[in-house]
Amino acid sequence: MFAACKKNNTAPENDTPLRADDFLANYTVPTQSFTGNATTGFTITGAKGTVIKFKPGAFVDGSGNAVTGNVTISLKEVLSKRDVLLSGVMTESNGQLLESGGELLVEAKQGDKALNINRQQDSAVRVDVPKVMNDKDMGLFVQGKRENGAGQQQQNPLTWVAAPYYPFGNGPNSYSFPLPGFTWVNCDRFYSDPNPKTTITAVPAFQDNNAVTDLQVMLVFKNIATVITLPYNYGLQKFESYHNSLPVGLQADLVILGKDSDGYIQFGTQSITITANMDIQAAVHKATQAEVDSFLNSIQ
């Protein structure tokens, strides 16, 4: 998305820069794999406590035929702000902030063929998401096409949208719902704040003499379970928040992340308090694993 060359600021010799390949290997939200019998039904439990129950006959193939025998389930659990940051699936809906109670990606296959949920079954696949990220009342959201408005900046074409009606339970220890499809789902709600709303911008301030690409600028909010990205506005040549979406006074960590021409991670963070129309110089440099670990461990 962005490339530039700036001044040289060599890291101390005792600091080992973190390679981008190592970053992906160490920090990407893992995909968990399970096997179960579609005929008899089965239950899986994710490493972070998500429980998914598959009824007998819960699966159909691409032609709508019932599936029998063993199937493979893959699961990604996004149950912390750290997970959201590293998954790339941000908590916003058409530019509005969402508070999340947890995101999941569930997929099913038999061999190399993707499967669907049997719609003839009532609650064929039922999910319980532990309340480890949030304990507020939530609703169910799914990935959908983003609304296109005038003056919108470069952005992800998908966003979170409210799911068609599904019974959703806000229990004392978990969120419970029938899975609407083998896709991303999110237990969340719109964030409400009475303060005036504003738009902010950020410009990378490169500290090393390297070309940097694949830059992302993100906000990890301190007091709510919300992580968003600032899309790049090619007209302004700046990263810009969704228009009038950020409450003045909200506190966040700004994170900038990219990859340089030598294959190393470029990284930077700073604590900010949102002010009207603020413009941020976002310092980014060749980072060490210790730096990245220190920050990520602070946003559990």
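Visitor: Which residues does Leu-179 touch, leaving aside those up to four places away in sequence?

Guide: Contact means heavy atoms within 4.5 Å, and by that rule Leu-179 touches Val-106, Ile-117, Arg-119, Val-125, Val-127 and Val-185. This is a predicted model, in which local features need pLDDT of at least 70 and side-chain atom pairs count only at pLDDT 80 or more, while totals for chains, interfaces and linings use all residues. Residues are numbered from 1 along each chain as its sequence is written, and side-chain values use heavy atoms, with hydrogens and water left out.

Visitor: How many residues make up the largest nonpolar core?

Guide: A nonpolar core is a set of buried (under 20% relative accessible area, 1.4 Å probe, protein chains only) Ala, Val, Leu, Ile, Met, Phe, Trp, Tyr and Cys residues joined through side-chain atoms within 4.5 Å. Here the largest has 32 residues, and those with the most contacts inside it are Phe-54, Phe-59, Ile-73, Val-125, Leu-179 and Phe-182. Among the strands (DSSP E runs of at least two residues, numbered from the N terminus) that give two or more residues to this core are strand 5 (70-78), strand 7 (96-110) and strand 15. Apart from it lies another core, of 30 residues, which includes Phe-141, Met-218, Ala-287 and Phe-295.

Visitor: Which residues of helix 3 are buried?

Guide: A helix is a DSSP run of H or I with at least four residues, and in helix 3 (residues 289-298) the buried ones are Val-292, Phe-295 and Leu-296. They line one face of helix 3, because seen down its axis they fall within an arc of 95 degrees, where the arc is that of the directions from the helix axis to the C-beta atoms. Ala-290, Ser-294 and Ser-298, on the other side of helix 3, are exposed, meaning over 50% relative accessible area. The cover over the buried residues includes helix 1 (20-27), helix 2 (81-87), strand 23 (251-260) and strand 24 (265-273).

Visitor: What is the nearest side chain of opposite charge to Asp-188, and how far away is it?

Guide: Lys and Arg count as positive and Asp and Glu as negative, with His and the chain ends not counted; a salt bridge is a side-chain nitrogen of Lys or Arg within 4 Å of a carboxyl oxygen of Asp or Glu. Asp-188, in strand 15 (residues 184-190), is buried yet has no salt bridge, for the nearest side chain of opposite charge, Arg-189, is 9.1 Å away. Beyond four places in sequence, the residues that Asp-188 touches include Glu-99, Met-138, Phe-141 and Trp-160.
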